[in-house]
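Here is a note for a colleague coming to this chain for the first time. Please keep the model open while reading the points below.

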Amino acid sequence: ELAFGSKSPTTIVVLENLASFLARIGESMEAEPLLRRVLDARESTFGPMHPDTLQALSKLAAQLASAGDHQEALRLLKRANELNLEAFGIAHPSSLAALHSTAALLQKMRRHSEVDPVLRQCFQGAQASLGTTHPPTLQALDNIANSLAAAGRYPEAEVIYRGVLSGRESSLGHCHAETVTSLSRLAGLLQTMGNHVEANVLFERILNTNDSLLGPNHPDTLLAMDSLATSMRVMARLSEAEKLAKRALEGARAIFGASHAITLQFLNNSAMLLQAMGKHREAEPLFKSTLDAREALLGPHSPDTLQSVSNLAMHLEAGGEYSEAEPLLRRVRDCKISMFGCSHPETLTATNDLVVLLRETARFEEAERLAKEALADAEPLGPNHRCTIQTLVSLATLMQVMGQHHESEQLFRMALVSSEATFTRGHPSSLNI
């Protein structure tokens, strides 16, 4: 600065490098004002639509997003989108990068209704510049499907996932990593939708592909093994699931160690398998040790820790230990409300789990109040979202137990209509209603 001045190109490059270094070592508060100086200098020197100015704008937005200032980051990204589109058009790499960053931030902020149009702009730009079957175009389509799945729009997501899978198989081959990713996403969606038979076939294909290409002890192979074991557990193919789960857990312990997040994920799934096999005494210490390890490794509020709290609570509830299960379920619900708000799918699931326990312990007044609050909270998700359907069924079941059969029937009918719209008539999820 002394040699060249505060706005010389050399000074600005040094400022940018210093800001990047500070951001990498976690000094966000020091990095942000430097990036603002870089942006101001480039804007005054080159104008708002110069590539260097737009790059500085994007870097500042990324820094704010990583520091948790999502609203300001989103404001800057929207400005970057407008300037990029005006300067270069939708098909330019700079425009596509800004749109992708905006979509990622909106997803992080759980503003799913705003994500879809941004992702569709990404797809239009990639398609215009690269064609329909080029990998970035297929990735843009894949992102749209991910957004639809997150919003509970499963049939639409399924159609796009299948299209992306077909495109990747044709352009990249059946064994390419991106093709395997498509297989995994489609299999996971089908499992969520209750189409376990087809999901299981896809999980088997993923495992066979990873095993032959990467070897039996590669992390991706172990993850595929655990996913297939979970799929088989859901289908009640318990002896096959047990063999796979043991292999996956042993492999993870050998590669990652006993306290690694992946090992703990496999340990959690092994506990759930033991519970499904009726081995409750063997399952409980695994649930507890997984929870203790996750709490020590990840903290009390991490998603994985809360999953373990919930799983232990459900295990205790299944064994009739309601007084031990209840505080755990309330802890999960309180954390989800604090983290996501009342209308988030994870919060609604936690509320429904608590409603079931209250119903089983004949505390109908509180159960009814929470169930009706959850149904109102689910309204922003739409009538066909998985959690809305789950909440309707939960309230309908409670009304049935309370002897309010007319109200119960109406709620069950509403749930059935929504389920058939989401999962198609005759689907297992609809038949269960």
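This is a predicted model: local features need pLDDT of at least 70, side-chain atom pairs count only at pLDDT 80 or more; totals for chains, interfaces and linings use all residues.

1. An α-helix has 3.6 residues a turn, so residues three or four places apart point the same way.

2. Is this pair buried or exposed? Glu-373 is partly exposed, because its relative accessible area is 34%, between the 20% and 50% cut-offs. Arg-369 is partly exposed too, at 43%. The pair also belongs to a network of salt bridges. Its members are Glu-326, Arg-330, Arg-363, Glu-366, Arg-369 and Glu-373. The structure holds 28 salt bridges.

3. Now turn to Arg-168. Its side chain meets that of Asp-142 in a salt bridge of 4.0 Å, N to O. Arg-168 and Asp-142 are both buried.

4. Which other residue does Arg-168 pair with? The side chain of Glu-178 meets the side chain of Arg-168 in a salt bridge of 3.7 Å, N to O. Glu-178 belongs to helix α9 (residues 177-192) and Arg-168 to helix α8, ten residues apart, so this pair too links distant parts of the chain. Step back to the whole chain. There are 21 helices and zero strands. The C-alpha atoms fill a box of roughly 80 × 50 × 45 Å along the principal axes. Of the 433 residues, 44% are buried. Take the contacts between residues at least 6 apart in sequence: 52% of them join residues at least 24 apart. The chain exposes about 20,500 Å², and carbon and sulfur atoms supply 56% of that area.

5. The interior comes next. In soluble globular proteins, nonpolar side chains tend to be buried together. Here the largest nonpolar core has 75 residues. Those with the most contacts inside this core are Leu-105, Ile-144, Ile-160, Tyr-161, Leu-189, Leu-244 and Phe-266. A second, separate core has 30 residues, including Leu-357, Leu-392, Leu-395 and Leu-398.

6. What does Ile-160 touch, beyond residues up to four places away in sequence? The list is Leu-141, Ile-144, Ala-145 and Leu-148.

7. Helix α6 deserves a look. This helix runs over residues 112-130 and has 19 residues. From first C-alpha to last, α6 reaches 27 Å, close to the 27 Å expected at 1.5 Å a residue. Its buried residues are Val-115, Asp-116, Val-118, Leu-119, Cys-122, Phe-123, Gly-125 and Ala-126. The cover over them includes α5 (93-108) and α7 (135-150). Just after α6, Gly-131 takes a positive phi of about 100 degrees.

8. Ala-252 lies in helix α12, residues 238-256. Ala-252 is buried, because its relative accessible area is 0%, under the 20% cut-off. Leaving aside neighbours within four places in sequence, Ala-252 is in contact with Leu-222, Gly-257, Thr-263 and Phe-266. Leu-213 is 39 residues from Ala-252 along the chain, and their C-alpha atoms are separated by 18 Å.

9. Ser-394 is found in helix α19, residues 386-401. Is Ser-394 buried or exposed? Ser-394 is buried, since its relative accessible area is 7% and the cut-off is 20%. Neighbours within four places aside, Ser-394 is in contact with Asn-352, Val-355 and Arg-359.

10. Finally, the surface. Leu-18, Phe-21 and Ile-25 make a nonpolar surface patch of about 270 Å². Phe-21 lies in helix α1, residues 9-24. At 41% relative accessibility, Phe-21 counts as partly exposed.

Definitions and conventions: Residues are numbered from 1 along each chain as its sequence is written. Side-chain values use heavy atoms; hydrogens and water are left out. A nonpolar core is a set of buried Ala, Val, Leu, Ile, Met, Phe, Trp, Tyr and Cys residues joined through side-chain atoms within 4.5 Å. Buried means under 20% relative accessible area, exposed over 50%, partly exposed in between (1.4 Å probe, protein chains only). Contact means heavy atoms within 4.5 Å. Patches are made of residues with over 30% relative accessible area and no salt bridge: like charges are joined within 9 Å, nonpolar side chains (Val, Leu, Ile, Met, Phe, Trp, Tyr) within 5 Å. Accessible areas come from the Shrake-Rupley method with a 1.4 Å probe; for residues, only the protein chains shown count as cover. Helices (H or I, at least four residues) and strands (E, at least two) are DSSP runs, numbered from the N terminus. The expected span of a helix is 1.5 Å times one less than its number of residues.
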